[in-house]
Structures are given as structure tokens and as C-alpha cells.
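Trainee: I'd like to learn how to read a protein model, one feature at a time. Could we go through one together?

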Amino acid sequence: MKQHTLGALRTSELGLGCMGMSDFYGPGDEGESIATIHRALDLGITLLDTADMYGPFTNERLVGKAIADRRDQVVVATKFGIERLPDGTRVGVNGRPDYVRDAVDGSLQRLGVDHIDLYYQHRVDPAVPIEDTWGALKELVDAGKVRHLGISEAAADTIRRAHAVHPITAGQYEYSLFTRGVEAEILPTLRELGIGLVAYSPLGRGILTGAYATVEGFADNDFRRNNPRWTGDNLAANQALVAEVTQLAKGRNATEAQVALAWVLAQGQDVVAIPGTKRVTYLEQNAAATGLTLTAGELDNLGKLASSVAGERYDERGMSSVDL
């Protein structure tokens with residue numbers, strides 16, 4: 001597995017998003033999830049991505065259990081800032097310094113580690129100056145609880161203000177063949193400041209795999225049932241775009257997912273993709289994308305798909321929490 005650079009942090013070019021093992025994508029299977037994490041480490045995938053709000057709280061415990069005897073092989077990334085109660089109720093976005101301090105202690109305990117390698121502000125709190133939140137995060141680095149800091153779904157100006165308080169190692173944003181918004185302002189800002197990009201949902205929450213023609217097979221609690229890109233005419237329009245990925249994949253003896261991931265990984269040595277899965281089979285298929293090199297023409301043709309994608313990437317509530 002090749003290594004990419006996120007600011008001052010080296011990690012595998014492909015990471016593993018662990019969210020779906022515990023939340024948002026239907027029921028989980030702890031045994032299979034732990035086996036998936038172990039297989040990822042065996043394949044050289046070092047970056048594991050979680051958050052306190054996944055579950056809530058249960059995903060960090062799952063990751064902690066999986067890495068208990070393999071800590072030295074892992075770059076542990078987790079997040080704070082979307083506050084949820086144990087019963088799943090969403091309280092809102094919270095960037096208050098006292099909350100930051102409590103949140104990191106909870107994550108350390110659940111993960112069973114003495115430090116977090118990459119700690120993200122999951123969403124920016126509009127009610128709290130970013131300098132206040134990042135002042136508290138700097139304290140965590142100084143205390144040795146956190147090694148590197150990241151930010152997610154923050155606007156370019158917010159990135160600059162936070163970076164002035166303490167260097168940002170990585171910005172985590174949705175980035176895929178179907179979601180290219182970061183290229184206009186965010187990615188140039190990250191590169192100017194020497195910050196890496198961690199691309200979440202690089203498979204468009206599964207739509208780019210070509211495996212789903214309908215949402216009918218999804219569990220009732222699968223959030224894609226109400227995601228704009230998966231509903232009504234939007235889904236039909238987006239499936240037509242996926243057909244172009246399928247055609248290319250067949251010509252390269254690859255899966256649609258491998259083509260989509262290869263496109264993301266080709267965007268730079270400072271870009272790391274974190275496709276999520278909770279099954280060993282899909283993990284192994286995704287990992288094989290690191291061996292697929294697309295031609296300049298293929299990259300260009302695939303890159304044109306985003307201009308025709310139908311629907312917002314989140315529902316109204318989800319879009320209201322992004323600082324863009």
C-alpha cells in the first residue's frame with residue numbers, strides 16, 4: 001500500500017471509514033466488522049476513521065476493541081463536534097472549549113488509547129469563534145492527548161483562521177466523481193497551507209458501485225432512503241451516469257468502485273480516500289483500486305460526470321451544518 005502525506009502525517013493512500021459498521025447504513029455485525037478492520041491492517045491500510053457521534057459512541061468502542069492488540073499499526077482518526085445523546089438524539093453542533101475537553105477524554109476512553117493520532121472538528125459551530133475552539137484543541141496537542149488536528153466541512157476562511165491558531169494536518173470533505181465542490185476553493189486553500197485532503201464518501205455512499213438500482217432493499221434506518229441523490233428522478237438520472245463508470249470498468253476488468261476510487265487517488269499525493277464498508281469482501285475489492293492506474297483521457301472523461309449529478313448530497317438538515 002502506497003503512502004500519501006496529510007500535512008505532517010504519513011498514512012496509507014486508502015483508509016477505512018468505520019461509520020457504517022455502527023450507524024446510518026442499517027444493522028451492523030460486530031464480528032464481521034472487526035474482521036474487516038483486521039483485514040484492512042493486514043493489507044497495509046493504516047488509517048481508521050471514526051467519530052464519537054457514530055452510534056453514538058458505539059463505533060469508537062468497536063474500533064478500540066479491534067485495535068486493542070494492534071495499536072502500533074494504526075493511525076486512529078476520530079471526531080468531535082456533532083453532539084448526540086446516548087439514545088441517538090441530536091443536540092446540535094458544539095464547538096465550546098469545555099465540550100472539546102470533555103469530548104476528547106470520552107473518545108480516548110472508548111478507543112482504549114492514550115492518544116488520538118488525528119482529531120477532527122467534525123462540524124464548525126457558528127455560535128463559537130473558531131479561534132476559541134482551536135485554542136482548546138491546541139491545549140490537547142500540548143497535553144499529548146492528540147498528535148494532529150483536522151477539520152471537516154469548513155469554509156476556506158475558517159480553515160485559515162483555525163490554521164493560524166494551530167496547524168491543520170487534514171481537511172475531511174466529501175469528494176468523489178459525483179461531488180467536486182472542494183476543487184473551486186477548498187482544495188487550493190488546503191494545498192496553499194500544506195494541509196492534506198481526506199476524501200469521505202468517495203463512492204457516493206454506494207451509488208458509484210453500480211450495485212443499487214433502488215433503495216427498496218435498504219434497512220428502514222438507512223439514511224440513504226431520504227438522501228436527495230437517492231430519491232425519485234434524481235436516482236434515475238444518477239444511475240445513468242453510473243452506467244458510464246460501468247462501461248469503463250468492464251473495459252479495464254475492474255469494478256465500478258475500483259474505478260471511482262482510482263480517480264480520487266489520482267488527484268494527488270496529498271489526497272487520501274476513506275471508503276466505508278463493514279464487510280471483508282468489499283474491503284478487499286476496494287483495496288485493489290490502489291493497483292489501477294487510469295489514463296489521462298479516462299480521468300478527464302470521468303471528471304465530467306459531476307456536472308450532471310442530480311440532487312444535493314445531504315437533506316436540508318445535513319446541508320445546514322456545513323460551513324460552505
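Mentor: Happy to. Let's start with strand pairing: strand E6 (residues 82-84) and strand E7 (residues 90-93) pair in the antiparallel sense over three bridges. Keep in mind that this is a predicted model.

Trainee: Which residue in E7 is the bridge partner of Ile82?

Mentor: That's Val93. E6 and E7 form a hairpin, with five residues between them. Look at Gly88 in the turn too: its phi is positive, about 100°.

Trainee: And how do side chains sit along a strand?

Mentor: In a regular strand they alternate between the two faces of the sheet.

Trainee: OK, now helices. What's the general idea?

Mentor: An α-helix has 3.6 residues a turn, so residues three or four places apart point the same way. For a case here, take helix H7 (residues 232-251), which has 20 residues. From its first C-alpha to its last it reaches 30 Å, close to the 28 Å expected at 1.5 Å a residue.

Trainee: Which residues of H7 are buried?

Mentor: They are Leu235, Asn238, Gln239, Leu241, Val242, Val245, Thr246, Leu248 and Ala249. Those buried residues pack against H8 and helix H10 (296-303). After H7 comes Asn253, which has a positive phi, near 55°.

Trainee: How do I read a nonpolar core?

Mentor: Ask which buried nonpolar residues are joined through their side chains. The largest nonpolar core here has 83 residues, and Tyr119 and Ile151 touch the most other members. Helix H8 (residues 256-265) gives the most to this core, with eight residues. Apart from it lies another core, of 13 residues, including Val75, Leu118, Tyr120 and Ala170.

Trainee: What does Gln3 touch, leaving out residues up to four places away in sequence?

Mentor: Gln3 touches Arg10, Thr11, Ser12, Glu13 and Gln269.

Trainee: Last one: what does the UniProt record list for residues 13-302?

Mentor: In an unreviewed entry, UniProt lists them as "domain: NADP-dependent oxidoreductase". In the model, that span is 39% helix and 15% strand, and its end C-alpha atoms lie 20 Å apart.

How values were computed:
Residues are numbered from 1 along each chain as its sequence is written. This is a predicted model: local features need pLDDT of at least 70, side-chain atom pairs count only at pLDDT 80 or more; totals for chains, interfaces and linings use all residues. Side-chain values use heavy atoms; hydrogens and water are left out. Contact means heavy atoms within 4.5 Å. UniProt positions are given in the numbering used here, feature names are shortened, and annotations may be inferred rather than shown by experiment. Helices (H or I, at least four residues) and strands (E, at least two) are DSSP runs, numbered from the N terminus. Two strands pair if DSSP finds at least two bridges between them. A nonpolar core is a set of buried Ala, Val, Leu, Ile, Met, Phe, Trp, Tyr and Cys residues joined through side-chain atoms within 4.5 Å. Buried means under 20% relative accessible area, exposed over 50%, partly exposed in between (1.4 Å probe, protein chains only). The expected span of a helix is 1.5 Å times one less than its number of residues.
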